[in-house]
Amino acid sequence: MLSLLYQEGPSTKGIFRRSGSAKTFKELKEKLDSGAEVDLARESIFVTASLFKDFLRNIPGSILSSQLCDKWVSVLDQGNSEEKIKSVQRWLIEHLPRANVFLLRYIFGVLHVIEMRSEENQMNAFNLAVCIAPSLLWPPVSSTPDIESEFIKKISSLVQFLIENCCRIFGDEITSLFGEI
C-alpha cells in the first residue's frame, strides 16, 4: 500500500482526502482480512489510501501509542524547532516499539513526497495532517466531542510538524526509502 501511495500519491489530487468506492473498500478489506491475495495496483488509489488509513486505525493503542498522548501533545509546547525535533526523536527512540518507528519512517517518507508536490495534488502538510492524524494517534479513553475536537487539532498540528521536519527527524534517507520506483 505504501509503495502504491508513494508512486501515485504525489500526482493524485486530494489523496487521503477523497474516499474510494465504499463497496470496493469493503470487499478488499474482507479479502485482506481473510489473507486472500489482492492486487491493489488494479484498484483506485483512493481505495488504497482508505484501506491504509483503516489499517492504521486498527493498530491497537495507535502507532504513536495512546498511552503517550499527553507527551506527544506537549511536544509542540517545547521551545524552538530544534528542541521540538530532539523531543520527537527521543520519544520515537525511547518509548515506541522499533516496528512502530520503522513503519512511521515509511509513512512519513510517503507523506513527505506527497507534500513536495502539493501544488499538483493540493495536499500540503496541513491538509495531509488533517486527513491522516486521527489514524495515527487517539486518546486512550473517549471523551466529549469538544475535547476530542481540540485533541484532533493538536495532533494534526503535531503531524504537520512531523511532515514538515521529517528529514531532520528521521534522516535524509527517508526520501529514498522506496528507491527509484
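**Before starting**

The model is predicted, so that local features are taken at pLDDT of at least 70 and side-chain atom pairs at pLDDT 80 or more, while totals for chains, interfaces and linings use all residues. Residues are numbered from 1 along each chain as its sequence is written, and side-chain values use heavy atoms, with hydrogens and water left out.

**Stop 1: residues 1–170**

Select residues 1–170, to which UniProt, in an unreviewed entry, assigns the feature "domain: Rho-GAP"; UniProt positions follow the numbering used here, feature names are shortened, and annotations may be inferred rather than shown by experiment. Helices (H or I, at least four residues) and strands (E, at least two) are DSSP runs, numbered from the N terminus.

**Stop 2: salt bridges**

Next, show the charged side chains, among which there are 8 salt bridges, each being a side-chain nitrogen of Lys or Arg within 4 Å of a carboxyl oxygen of Asp or Glu. Select Lys29 and Asp54, whose side chains form a salt bridge with an N to O distance of 3.0 Å. This pair links distant parts of the chain, as Lys29 belongs to helix H2 (residues 22–34) and Asp54 to helix H3 (residues 45–57), 25 residues apart. Lys29 is partly exposed at 24% relative accessibility, whereas Asp54 is buried at 13%; here buried means under 20% relative accessible area, exposed over 50%, and partly exposed in between, with a 1.4 Å probe and protein chains only.

Move on to Asp39 and Arg42, a salt bridge in which the closest N and O atoms are 3.2 Å apart. Asp39 is partly exposed, at 43% relative accessible area, and Arg42 is exposed, at 72%.

Then select Lys86 and Glu82, where the closest N and O atoms of the salt bridge are 3.7 Å apart. Both residues lie in helix H5 (residues 81–95), and their separation of 4 residues is about one turn of the helix.

**Stop 3: aromatic pairs**

Now display the aromatic rings, among which the whole structure has 3 pairs. Rings of Phe, Tyr and Trp (its six-membered ring) pair if their centres lie within 6.5 Å, and planes under 30 degrees apart count as stacked, over 60 as edge-to-face and the rest as tilted. Phe102 and Tyr106 make a tilted pair, because their ring centres are 5.2 Å apart and their planes stand at 55°. Both are in helix H6 (residues 98–116), 4 residues apart, or about one helical turn.

Phe108 and Phe170 are stacked, because their planes stand at 20°, with ring centres 5.7 Å apart. This second pair links distant parts of the chain, with Phe108 in helix H6 and Phe170 in helix H10 (residues 166–170), 62 residues apart. Both Phe108 and Phe170 are buried.

**Stop 4: the cavity**

On a 1 Å grid over the protein atoms alone, a cavity is a set of points where a 1.4 Å probe fits but cannot get out, and lining residues have an atom within 4 Å of a point. The largest cavity has a volume of about 40 Å³, a volume being the space filled by probe spheres set on the points, which are joined across faces, edges and corners. H5 and H6 are the elements that give two or more residues to its lining.

How values were computed: 1 Å grid on protein atoms, 1.4 Å probe; cavity = no way out; pocket = protein on both sides within 12 Å on 5 of 7 lines; lining within 4 Å.
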